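Please read them with the structure open beside you.

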Amino acid sequence: MLTLMIDAMGIGLIVPVMPDLIQEVGGGTLAEAAIWGGILSTTFAVMQFLFGPLMGGLSDRFGRRPVLLTALVVMALDYVLMALAGALWVLLLGRVIGGITAATQSTATAYIADISAPHERAARFGLVGASFGAGFVLGPLLGGLLAEYGTRAPFWVAAALAAGNALLGWIVLKETVTDATRRSFNWRRANPLGALRSLGRLPGVTPLLVVYFIYYVGFAVYPAVWSYFGKERFDWSPATIGLSLALFGVAMALIQGGLIRPILRTLGERGTVVAGHLFSIVSLIAIAVITSSTWVLLLTPIAAFGGIIPPALQGIMSARVADDAQGELQGALTSASALAMMLSPLVMTYTFAQFTDAQAPVYLPGAPFLLAAGLSILGLFALLVGTRRST
């Protein structure tokens with residue numbers, strides 16, 4: 001959990017400064033910077049998509065510990081590269097390397113599955129989300145404050161966090177893969193399409209993968225355009241953007257770390273997914289149309305309730321997969337979310353640019369959030385149609 005939290009801190013640290021950094025390195029307007037932001041985010045996601053199953057498969061064969069620690073060291077070096085970037089192509093290269101190292105989220109989640117009984121996994125996957133939420137509390141908050149010292153300062157701190165995390169893992173992280181659960185490495189299953197195809201043969205898994213994918217396409221509106229949206233609609237500074245993301249992270253951590261358990265007990269895993277979609281639809285529409293920054297911030301905890309969807313879906317799917325394939329499952333889920341992040345940032349930032357440009361037929365900075373609300377409605381429909389019985 002601490003490993004995941006520090007990883008999220010490293011990512012969240014750089015979010016508040018990205019609009020200013022892209023304009024500093026490449027010039028252009030905020031709308032153009034948003035387009036470049038979408039390209040960088042998509043590049044990051046492409047690498048996660050390609051390498052998620054590979055990392056999961058390697059961890060099933062060689063263990064979680066070596067995969068995690070190697071990735072953390074490379075991640076630290078990648079942040080140093082981005083701190084020194086003087087051109088957009090260097091930032092692009094940094095996102096390529098960063099996406100590969102971030103693909104180990106599947107390995108960390110498989111570690112949680114290794115040490116959890118089947119009936120505990122959904123709630124503990126919620127703790128994984130809570131760890132990310134806690135990281136996004138501290139990361140953007142610290143990143144917004146560090147932005148006062150320049151657009152490069154957050155990258156240096158992110159590098160230090162990743163290096164410190166690798167050292168901590170070297171000291172305390174124990175291996176959980178045993179000879180009984182070790183699985184031979186198979187290149188045919190260690191690619192995103194092969195892993196998804198293999199999991200798709202399991203009864204009832206394909207509809208849940210579709211819902212999982214649609215959720216992340218819509219959810220990606222937050223990392224893709226939030227900084228640009230806040231700056232355009234409310235003229236927020238990097239510090240304010242960091243504070244707003246920290247508020248979202250606090251709510252996400254509280255919901256996924258504490259409230260997820262009673263919600264699961266009350267509604268069940270399928271009911272929890274339905275409730276999460278309803279909260280997402282309402283909050284996304286509200287964010288899109290409200291023009292008061294105060295009310296948008298007050299809506300943040302409601303928006304965070306959508307975060308109950310992934311752990312509930314993961315719990316359902318994990319129960320349908322053998323113990324020696326948990327890494328493969330989490331790798332496939334990483335690829336599914338990364339595939340969503342490949343498509344969504346380009347679509348969301350393009351939508352933002354089209355509705356904020358000087359020649360826009362209708363000025364509506366919140367247009368990407370309306371699009372995300374539509375996707376949440378589609379995801380809810382896919383869940384109800386694809387899974388007719390209680391899970």
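1. Which residues have the most contacts inside the largest nonpolar core? They are Phe155, Tyr222, Trp226, Met317 and Phe369, in a core of 89 residues. Helix 12, which covers residues 238-289, provides the largest share of this core, with 17 residues. There is also a second, separate core of 11 residues, and Leu4, Leu68, Val128 and Leu173 are among them. In soluble globular proteins, nonpolar side chains tend to be buried together. Please keep in mind throughout that this is a predicted model.

2. The overall make-up is simple to state. The protein chain has 16 helices and 0 strands. The chain holds 391 residues, and 58% of them are buried. Its accessible surface comes to about 15500 Å², and carbon and sulfur atoms account for 69% of that area. Among contacts with a separation of 6 or more, 84% are between residues 24 or more positions apart.

3. Tyr222 is one of the residues with the most contacts inside the largest core. Leaving aside residues up to four places away in sequence, Tyr222 touches Phe248, Ser283, Leu284, Ile287, Ala303 and Phe369. Phe369 is itself on the list of residues with the most contacts in that core.

4. The structure holds 3 cavities of 30 Å³ or more. Helix 12 gives the most, with 5 residues. By class, the lining has 9 nonpolar residues, 6 polar residues and no charged ones.

5. The largest pocket is a separate topic. The volume of this pocket is about 260 Å³. Of the 14 residues in its lining, Met1, Leu2, Thr3, Tyr111 and Leu173 lie nearest the centre. Leu173 was named above as part of the second core. Helix 1 (2-14), helix 6 (105-114) and helix 8 (153-172) each supply at least two lining residues, and helix 8 gives the most, with 4 residues. The lining divides into 11 nonpolar residues, 3 polar residues and no charged residues.

6. Helix 8 also contains Ala158. Is Ala158 buried or exposed? Ala158 counts as buried because its relative accessibility is 0%, and the cut-off for buried is under 20%. Ala158 and Ile6 are 152 residues apart in sequence, but their C-alpha atoms are 8.8 Å apart in space.

7. Val211 sits in helix 10. Val211 has a relative accessible area of 0%, so it is classed as buried. Not counting residues up to four places away in sequence, Val211 touches Val273, His277, Leu313, Gly379, Ala382 and Leu383.

8. Helix 14 (residues 309-318) is mostly covered, with 10 of its 10 residues buried. The buried residues of helix 14 include Leu313 and Met317. Leu313 is a contact of Val211, and Met317 has a place among the residues with the most contacts in the largest core.

9. Gly26 belongs to helix 2 (residues 18-26). Gly26 counts as partly exposed because its relative accessibility is 43%, and partly exposed covers the range between the buried limit of 20% and the exposed limit of 50%. Gly26 and Trp89 are 63 residues apart in sequence and 9.8 Å apart in space, C-alpha to C-alpha.

10. The other residue is Asp235, in the loop between helix 11 (221-234) and helix 12. Why does Asp235 count as exposed? Its relative accessibility is 63%, and exposed means over 50%. Please also check the backbone at this position: Asp235 has a positive phi of about 55°, although it is not a glycine.

Technical notes. Residues are numbered from 1 along each chain as its sequence is written. This is a predicted model: local features need pLDDT of at least 70, side-chain atom pairs count only at pLDDT 80 or more; totals for chains, interfaces and linings use all residues. Side-chain values use heavy atoms; hydrogens and water are left out. On a 1 Å grid over the protein atoms alone, a cavity is a set of points where a 1.4 Å probe fits but cannot get out, and a pocket is an open set with protein on both sides within 12 Å along at least five of seven lines; lining residues have an atom within 4 Å of a point. Grid points are joined across faces, edges and corners, and a volume is the space filled by probe spheres set on the points. Ala, Val, Leu, Ile, Met, Phe, Trp, Tyr, Cys and Pro count as nonpolar, Asp, Glu, Lys and Arg as charged, and the others, Gly among them, as polar. A nonpolar core is a set of buried Ala, Val, Leu, Ile, Met, Phe, Trp, Tyr and Cys residues joined through side-chain atoms within 4.5 Å. Buried means under 20% relative accessible area, exposed over 50%, partly exposed in between (1.4 Å probe, protein chains only). Contact means heavy atoms within 4.5 Å. Accessible areas come from the Shrake-Rupley method with a 1.4 Å probe; for residues, only the protein chains shown count as cover.
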